[in-house]
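Here are my notes for you, in numbered points. Keep the model open while you read, and find each residue as it comes up.

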Amino acid sequence: MEKNALKIDIEGNLYDCFISKKKISRIIMKVNALLQINISCPLIFSQSKCLDFIDKNSEWLKTTIKERREIYNKMHVVECLERKGIWLKGKYYNFQYSNNNILYLFDKNNLYIPKKQIIDKTFIEKLRKPFYNEIENMFNSFKTIYSNIIPNDTILTFKRLKTKWGSCNYKKNIIVINKALVSVPDEILQFVFIHEFVHFIFPNHGIKFKEKLNSLLPNYKVLEKELKNYNFLLEKGVF
Ligand SMILES: [Zn+2]
């Protein structure tokens with residue numbers, strides 16, 4: 001697969017644009033939560049043909065970037081990428097350095113960490129650990145509440161997933177939860193769990209699946225939309 005990177009000017013701002021040539025029959029353009037433009041095009045397409053396509057769809061691109069940028073700003077995506085802050089349980093915290101050696105200390109909107117602490121994957125995992133335990137406890141209490149839907153021997157595992165928040169293996173009785181869900185509020189987490197539980201009855205997202213989900217969680221559409229705000233956490237380089 002060939003991949004080409006360029007910068008595109010949209011209303012005075014430069015955006016990364018990646019063009020990948022694939023064995024497909026038509027061109028597809030997407031904007032991700034990091035405001036990167038991804039274009040997949042057929043192998044025979046030349047760069048100028050792609051640029052032509054971007055030009056023809058510039059209005060769509062402008063509107064989409066504008067929409068995404070609102071969420072991008074609201075969710076402190078830049079700060080998260082620069083490791084200046086973190087989302088935990090639906091709350092955003094700024095990292096602040098302290099003079100003591102306490103591993104971490106929450107205070108209002110700040111998370112105090114020792115001066116020499118490097119904010120890397122290992123450290124973030126340490127921060128998240130107690131929250132994984134909380135999610136596990138939540139799952140165990142749900143198992144009792146929804147015992148008529150989920151088999152008693154269902155187990156929960158955490159994974160770093162790049163395209164989805166959770167999955168349900170209804171044949172093996174395993175529910176996989178995206179590790180990034182430590183960042184969302186409890187009610188959204190509950191929505192993800194119930195969504196996965198319903199898969200034990202209906203494997204696909206058909207009308208019956210939605211009806212069942214709605215009967216268990218009447219405001220699920222609101223929560224589903226709110227979860228989309230956190231989509232940037234699924235992108236490469238974010239944690
Ligand atoms: Zn599903």
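This is a predicted model: local features need pLDDT of at least 70, side-chain atom pairs count only at pLDDT 80 or more; totals for chains, interfaces and linings use all residues.

1. Now the overall dimensions. As for contacts with a separation of 6 or more, 41% are between residues 24 or more positions apart.

2. How is the protein divided into domains? Domain 1 covers 2–71, domain 2 covers 77–118 and domain 3 covers 123–234. Taken over C-alpha atoms, the centres of domain 1 and domain 3 are 32 Å apart.

3. Next, have a look at the largest nonpolar core, which has 23 residues. Which of them touch the most other members? They are Leu181, Leu189 and Val192. The elements giving two or more residues to this core are helix H4 (121–145), strand S11 (174–178) and helix H5 (186–198). H5 gives the most, with seven residues.

4. Val192 deserves a click of its own. Leaving out residues up to four places away in sequence, Val192 touches Trp165, Gly166, Ile177 and Leu181. There is also a second, separate core of six residues, and among them are Cys17, Ile39, Cys41 and Cys50.

5. Back to H5, this time with a partner. The axes of H5 and helix H6 (residues 207–216) come within 10 Å and cross at roughly 135°. Is that roughly parallel, roughly antiparallel, roughly perpendicular or oblique? Angles over 145 degrees count as roughly antiparallel and 65 to 115 as roughly perpendicular, so H5 and H6 are oblique to each other. Their crossing is right-handed. On the H5 side the contact is made by Ile194, His195 and Val198, and on the H6 side by Phe209, Lys212, Leu213 and Leu216.

6. Time for some backbone angles. Most residues other than glycine have a negative phi. Arg83 is not a glycine, yet its phi is positive, at about 60°. You'll find Arg83 in the loop between helix H3 (77–81) and strand S5 (85–88). Is Arg83 buried, exposed or partly exposed? A residue is buried with 20 or more other C-beta atoms within 10 Å and exposed with 12 or fewer; Arg83 has 15, so Arg83 is partly exposed.

7. Lys89 is another one to check. Its phi is near 50°, again a positive value in a residue other than glycine. Where is Lys89 found? Lys89 is in the loop between S5 and strand S6 (91–98). Lys89 counts as partly exposed because it has 15 C-beta neighbours inside 10 Å.

8. Finally, go to Leu127, which has its place in helix H4. Why does Leu127 count as buried? Leu127 has 20 other C-beta atoms within 10 Å, and 20 or more is what being buried takes. Now find Tyr104: Leu127 and Tyr104 are 23 residues apart along the chain, and their C-alpha atoms are separated by 7.7 Å.

Methods
Residues are numbered from 1 along each chain as its sequence is written. Two residues are in contact if their C-beta atoms, placed from the backbone, lie within 7 Å. A nonpolar core is a set of buried Ala, Val, Leu, Ile, Met, Phe, Trp, Tyr and Cys residues joined through C-beta atoms within 7 Å. Helices (H or I, at least four residues) and strands (E, at least two) are DSSP runs, numbered from the N terminus. Domain bounds come from an automatic or database domain assignment. Axes are lines fitted to C-alpha atoms, for helices over the stretch in contact, and angles run from 0 to 180 degrees between N-to-C directions. Angles under 35 degrees count as roughly parallel, over 145 as roughly antiparallel, 65 to 115 as roughly perpendicular and the rest as oblique. A crossing is left-handed if the near helix is turned anticlockwise from the far one by less than a right angle, and right-handed if clockwise.
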